[in-house]
Amino acid sequence: MTAHPEENTDLSALEDLLAQQDEPQLSPDEFKAVFRSHPAGVAVVALRHEDRPVGFTATSVISVSAAPPLLAFSLAATSSSWPAVSRARTLAVSFLADHQDDVSARFATSGIDRFADGGWTPLPTGEPVIDGAVSWFRARVVQRTPVGDSYLVSLRALESNVKAGRADGRAASPLVYQDRTYHRIGDDTAI
């Protein structure tokens with residue numbers, strides 16, 4: 001599913017169309033306010049680049065297709081991780097557990113070595129996965145699409161691991177982010 005240069009979609013016409021729209025649109029603050037009320041799962045995307053681990057927190061991971069198994073995430077073009085992601089062939093997406101808000105915060109912090117405190121293990125193929133995550137995918141990058149001031153990175157899932165529970169015997173629960181706050185979900189929150 002690797003795009004060939006002659007098959008790349010030219011998005012300049014779409015960008016021109018969007019820029020020429022005379023209808024009112026939301027301001028960035030109005031747009032962000034809507035998404036603050038929408039909960040999202042929290043993941044760490046990680047890879048090896050120039051023989052060192054690179055990673056960041058992502059709340060934009062989505063399932064795209066089960067057959068073939070495709071997922072995607074968005075990343076700002078200005079992100080310090082973009083140069084590594086722009087050249088990556090494979091990477092890992094670790095879906096964090098509800099007790100890993102500190103891990104999420106660390107991987108969202110700029111200007112630090114996000115891997116220095118440990119808590120991760122390289123796969124045999126080199127991609128770092130977060131220890132204790134609810135689940136993870138190892139995936140191949142199939143497309144990087146420029147959209148606005150970001151890139152939509154599409155991936156084909158190659159391997160996965162789902163943890164059935166935590167070390168204390170409780171069921172693993174995902175970390176959720178809503179309105180700038182971490183949340184836990186569990187059996188007591190089911191409707």
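**Salt bridges, cores and sheet: values set against definitions**

Mentor: A search of the whole structure finds four salt bridges. The model is predicted, so local features need pLDDT of at least 70 and side-chain atom pairs count only at pLDDT 80 or more, whereas totals for chains, interfaces and linings use all residues. Residues are numbered from 1 along each chain as its sequence is written, and side-chain values use heavy atoms, with hydrogens and water left out.

Trainee: What makes the pair of aspartate 51 and arginine 48 a salt bridge?

Mentor: The term requires a side-chain nitrogen of Lys or Arg within 4 Å of a carboxyl oxygen of Asp or Glu. The closest N and O atoms of aspartate 51 and arginine 48 are 3.3 Å apart, so the pair meets that limit.

Trainee: Why is aspartate 51 called exposed, and how is arginine 48 classed?

Mentor: Buried means under 20% relative accessible area, exposed over 50%, and partly exposed in between (1.4 Å probe, protein chains only). Aspartate 51 has 68% and is therefore exposed; arginine 48, at 34%, counts as partly exposed.

Trainee: How do you know that arginine 184 and aspartate 98 form a salt bridge, and where do they lie in the chain?

Mentor: Their closest N and O atoms are 3.9 Å apart. The two residues are 86 residues apart in the chain: arginine 184 belongs to strand S12 (residues 181-184), and aspartate 98 to the loop between strand S6 (90-95) and helix H4 (101-107). Helices (H or I, at least four residues) and strands (E, at least two) are DSSP runs, numbered from the N terminus. Arginine 184 is exposed at 55%, whereas aspartate 98 is buried at 6%.

Trainee: What is the N to O distance between arginine 138 and glutamate 127, and are these residues buried or exposed?

Mentor: The distance is 3.1 Å, and the side chains meet in a salt bridge. Arginine 138 has a relative accessible area of 11% and is buried; glutamate 127, at 2%, is buried as well. A network of salt bridges links Glu127, Arg138 and Glu159.

Trainee: What makes a set of residues a nonpolar core, and how many residues has the largest one here?

Mentor: A nonpolar core is a set of buried Ala, Val, Leu, Ile, Met, Phe, Trp, Tyr and Cys residues joined through side-chain atoms within 4.5 Å. The largest has 20 residues, and Phe73, Val85, Leu91 and Leu155 have the most contacts inside it. A second, separate core of 10 residues includes Val42, Val44, Val103 and Ile130.

Trainee: Which strands form the open sheet, and why are S3 and S4 said to stand at the edges?

Mentor: The order of the seven strands is S3-S2-S6-S9-S10-S5-S4, with antiparallel pairing. S3 and strand S4 (62-65) each have a single partner strand, so one side of each is left without a neighbour in the sheet.

Trainee: How many bridges join S6 to S2 and to S9?

Mentor: Four bridges join S2 to S6, and six join S6 to S9. Both pairings are antiparallel. Alanine 43 stands opposite phenylalanine 95 in S6, and serine 94 opposite tryptophan 136 in S9. Strand S6 is also mostly covered, with five of its six residues buried.

Definitions and conventions:
Pairing = 2+ DSSP bridges.
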